[in-house]
Amino acid sequence: SSSPMFLPIQSGRVEEIKTQYHNSTKPVSDLHSLDLELIQRLVYDSLVWSSLHGLVVGDKNVQRSGTVPGVGMVHAPFALLPMSFPESQWRQACELAPIFNELVDRVSLDANFLQESLSRTKKADAFTSRLLDIHSKMLESGKKEEIRLGLHRSDYMLDEQTKLLLQIELNTISSSFPGLSCLVSELHRSILNQYKEHLGLDSRRIPGNTAVSQFAEALTKAWKEYNNPRAVVMVVVQPEERNMYDQHWLCSVLKERHDVTTIRKTLAEIEAQGVLLPDGTLLIGNQVIAVIYFRAGYAPIDYPSESEWRARELMEQSSAVKCPSISYHLTGTKKVQQELAKPNVLERFLENKEDIAKLRKCFAGLWSLDDSNTVKDAIERPEFYVMKPQREGGGNNIYGDDVRKTLLRLQVEGSEEDAAYILMQRIFPTIVPTFLMRDGICHKDHAISELGIYSAYLRNKENVIMNEQCGYLMRTKVSSSNEGGVAAGFAVLDSVYLT
Ligand code: ADP
Ligand code: MG
Ligand code: MG
């Protein structure tokens, strides 16, 4: 067939798709003149696959979908086909994972560095200030974390002009989608196998994604370090969580493969039910908590009252393994990222020159707002910068003309508020036409991608027990949208097709 066909795109307009058959080997990005009938089959089959394999989230149109499992499920937003990514930069991102793990651990032990780096931010940002208060309290009481567990995700974009892999941020708390990202890789492999003749793509070019099994392994090893066979892993959750299945995937692997029990508690429940024994043991009801895995507690909204802060402090005081500890949490702030990018700072924490060079190579431009030359330039050319507060979870950054306006306002006010932000070089990845699936509808649009590399780190007083890269998360978003959160509704889950 050669007649033009139509597909809806996100804005509600329709876009013409030339219908031709392709069956030679080619990068995924060349596949966007596929036959409409074929696309419709891919769409249908991928929706069935998602439903049958648990690639699902709670549907925001169903009220109980964030609290009751099995009610109001919808497929997670995903890309119909995997995103091309160059193999060398892929390897580079994977190699960085253990180095960042080690860096986080070293930085977390330097209490003065954390307090000093965040000292001005503390005055401008009440949330960071509360975290720092807990950190100070633990220092004063002489609390030491001997078993340290990090489940991180370092996010990157590939800058189109320079081809450089540049770090967006390093998440040390609540790194999301270790569960669902694995399923998307499997979905894409399955589609590529099933439509081998039509697509001409090789499913083996999609790297296996082991995020969920390796995260479960790290949690199990931490649980073993705690060394109480009757103790459980506690997942700290938000009262309503539509991304609960991502979390349940991890808990289910913990139970079925490792026979480790998890319980889910909100910060409010932990405050109400938690008891700290004199030896530091944390009890919830009559259960001893071996490991605390935070999938909440990273945003101000998670602390609506003093109860939630009391819960955070109670956990920090306990002997349970915290993922993350308050120090690991603070190490993942954007301000610390910016401080680490200053000359000669990495050298304070790492000895290996090659490792330092590898990290530095992936650092984008990062500046504090007391850098007046940069602020001046950002006011003149705001499109080349992103302004970031100390927040997590997407949707908090400032872009474009708002950067100029905000910087000018801060200058006029002359307040301390500027210390709440950092400035970052804006990265411009290659824009690729993509099929994005949301709510059972396929949208064709121009999109850019962000690669997240999961990693796990576990050590005790004597030894590093685990320091590994653990699978990946590809997220693809419409290029006209500034932010990239899947849960926040800007992006879809994707996987990597190595080229
Ligand atoms: P959060 O902790 O809220 O996820 P991020 O630093 O990851 O904060 O920013 C959110 C999103 O904003 C990213 O997923 C990415 O899409 C976009 N973004 C962040 N920094 C940059 C940058 N320097 N250049 C281009 N886009 C960026
Ligand atoms: Mg983040
Ligand atoms: Mg992010």
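## Helix 2 against helix 15

In this predicted model, helix 2 (residues 87–109) and helix 15 (residues 353–361) have axes that come within 10 Å and cross at roughly 105°. Axes here are lines fitted to C-alpha atoms, for helices over the stretch in contact, and angles run from 0 to 180 degrees between N-to-C directions. Helices (H or I, at least four residues) and strands (E, at least two) are DSSP runs, numbered from the N terminus. Helix 2 and helix 15 are therefore roughly perpendicular to each other. The angle classes are these: under 35 degrees is roughly parallel, over 145 roughly antiparallel, 65 to 115 roughly perpendicular, and the rest oblique.

Helix 2 makes the contact through Glu95, Leu96, Ile99 and Leu103, and helix 15 through Asp355, Lys358 and Leu359. Two residues are in contact if their C-beta atoms, placed from the backbone, lie within 7 Å. By class, the residues of this contact are 4 nonpolar, no polar and 3 charged. Ala, Val, Leu, Ile, Met, Phe, Trp, Tyr, Cys and Pro count as nonpolar; Asp, Glu, Lys and Arg as charged; the others, Gly among them, as polar.

## Conventions

Residues are numbered from 1 along each chain as its sequence is written, while chains are lettered from A and ligands numbered from 1 in the order in which they are written. Local features in this predicted model need pLDDT of at least 70, and side-chain atom pairs count only at pLDDT 80 or more, whereas totals for chains, interfaces and linings use all residues.

## Helix 1 against helix 6

Helix 1 (residues 36–53) packs on helix 6 (residues 178–194) at an angle of about 140°, with the axes 10 Å apart. That makes helix 1 oblique to helix 6. Their crossing is right-handed. A crossing is left-handed if the near helix is turned anticlockwise from the far one by less than a right angle, and right-handed if clockwise.

From helix 1, Leu42, Asp45, Ser46, Trp49, Ser50 and His53 meet Leu183, Leu187, Ser190, Ile191 and Gln194 of helix 6. The contact of helix 1 with helix 6 has 5 nonpolar, 5 polar and 1 charged residues.

## Strand 9 and valine 237

In strand 9 (232–236), 4 of the 5 residues are buried, so the strand is largely enclosed by the rest of the structure. A residue is buried if 20 or more other C-beta atoms lie within 10 Å of its own, exposed if 12 or fewer, and partly exposed in between; C-beta atoms are placed from the backbone. Strand 9 pairs in the parallel sense with strand 13 (residues 287–294) over 5 bridges. It also pairs in the parallel sense with strand 10 (residues 262–265), over 4 bridges. Two strands pair if DSSP finds at least two bridges between them. Valine 235 stands opposite tyrosine 293 in strand 13. Valine 236 stands opposite lysine 265 in strand 10.

Valine 237 is in the loop between strand 9 and helix 9 (244–258). It counts as buried, with 23 C-beta neighbours inside 10 Å. Leaving aside neighbours within four places in sequence, valine 237 is in contact with Gln247, Arg264, Lys265, Thr266, Arg295 and Ala296. The C-alpha atoms of valine 237 and tyrosine 293 are separated by 9.0 Å, and the two residues are 56 residues apart along the chain.

An open sheet of 4 strands has the order 15-18-16-17, with antiparallel pairing. Strand 15 (366–368) and strand 17 (398–399) stand at the edges, each with a single partner strand, so one side of each has no neighbour in the sheet. Strand 16 (residues 385–389) and strand 18 (residues 421–425) pair antiparallel over 5 bridges. Lysine 388 stands opposite isoleucine 422 in strand 18.

Strand 22 (residues 491–494) is covered on both faces: Ala491 and Leu493 on one side, and Val492 and Asp494 on the other, are all buried. Strand 21 (residues 464–478) runs antiparallel to strand 22 and is joined to it by 4 bridges. Arginine 475 has leucine 493 of strand 22 as its bridge partner.

## Backbone exceptions

Most residues other than glycine have a negative phi, and most peptide bonds are trans. Serine 174 has a positive phi of about 55°. Serine 174 lies in the loop between strand 8 (165–171) and helix 6, and is buried, with 25 other C-beta atoms within 10 Å. Asparagine 344 also has a positive phi, near 65°. Asparagine 344 lies in the loop between helix 13 (334–340) and helix 14 (346–349), and counts as exposed, with 7 C-beta neighbours inside 10 Å.

A cis peptide bond joins cysteine 323 and proline 324, with omega about 5°. Proline 324 is in the loop between strand 14 (321–323) and helix 12 (326–331).
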